[in-house]
Amino acid sequence: MNIQLPTSQSLPAKNFISGNTCAKCSSRLRCLPYGLDERSVAQIDRIIGKRHWVERNELLLRVGEPFSCLYIIHGGQFKTFRDSAHGKQHVMGFHMAGEILGMNAISTGIHDSNAMALEDSEVCEVPFAQLQILCANIPTLQQHFHRILSEEINRDQRVMRFLGSSAELRFATFLLDLSSRFAARGYSRHDFTVLMSREDIGNYIGLTMESVSRLMSKFRRQGWISTDGKDLHILNYGAMEALANDEPMKSGARIDSFTERTTAILASISKTASHA
């Protein structure tokens, strides 16, 4: 599919932070593939030089906006969601530093979800048209973005598989996923802050807010976790892992549909990059 890209898509000028480069960024290994030479990094710097500050509860992306840029989360966390015709919010995912926002719009040219900051955050703007050219010239970079999208696919498929399973299994899987993602960024897998509300967590894993509160209390009573406000400590990782590894009920049709959509995104990236 040929994507019609507007000439620009930016956050308000007041949120623009200048003078940032990938070469000087201490978080570069979260966003870029390992082993890039200085020339490749310099090429990336020519297009990834804009970093935006996004305040807590501010929308970075909105449903229906034309697609022109991807956004790499430099710091902070976001949630993506849609609103139904009846005004009910559907949470699609939670995103951390090093992850990319806006990839779902690659195949259609239109954003199909909102992205809201869960805390004061920073994102680096990546013009997609220029990224395509770079990916064609730097295969390692293209493979890196494919890997990131593949991780997103696997995470969403995992959630879909568990939607027909017990509430305990879903909640344990959610916490372990957060744990592994924090660990991959060099933080503790046992101690981390859960910024999303219980309502949002429940929405994401198919439970009510009350169910999430009950599960939080149950896991504390069983000695699996302890909490202090939004700070969570996993006390018995093995027990939660054993619960999460129970064989879930399958939701094959939903998984197949999601896979088809994300495969189309991958194909769009590869096709446009090869012709760039």
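Mentor: Keep one cut-off in mind for this predicted model: buried means under 20% relative accessible area, exposed over 50%, and partly exposed in between.

Trainee: Okay, so why is R56 called exposed?

Mentor: Its relative accessibility is 54%, and exposed means over 50%, so R56 counts as exposed. You'll find R56 in the loop between β2 (50-54) and β3 (59-61).

Trainee: What makes S179 buried?

Mentor: S179 has a relative accessible area of 0%, and buried means under 20%, so S179 is buried. S179 sits in helix α5 (residues 167-184) and touches R189, F192, I234 and Y237, leaving aside residues up to four places away in sequence.

Trainee: How do you know that K218 and E168 meet in a salt bridge?

Mentor: The N to O distance between their side chains is 3.0 Å, and the cut-off is within 4 Å, so the pair qualifies as a salt bridge. K218 is in helix α7 (residues 209-221) and E168 in helix α5, so the pair ties together parts 50 residues apart in sequence.

Trainee: And R181 with D177, buried or exposed?

Mentor: R181 is at 6% relative accessibility, so R181 counts as buried. D177, at 12%, counts as buried too. Salt bridges that share partners join E99, D177, R181 and R185 into one network.

Definitions and conventions: Residues numbered from 1 in each chain as written. Predicted model: local features only at pLDDT ≥ 70, side-chain atom pairs only at ≥ 80, totals over all residues. Heavy atoms only, no water. Helix = DSSP H or I, 4+ residues; strand = E, 2+ residues; numbered from the N terminus. Buried < 20%, exposed > 50% of the residue type's maximum accessible area, 1.4 Å probe, protein only. Contact = heavy atoms within 4.5 Å.
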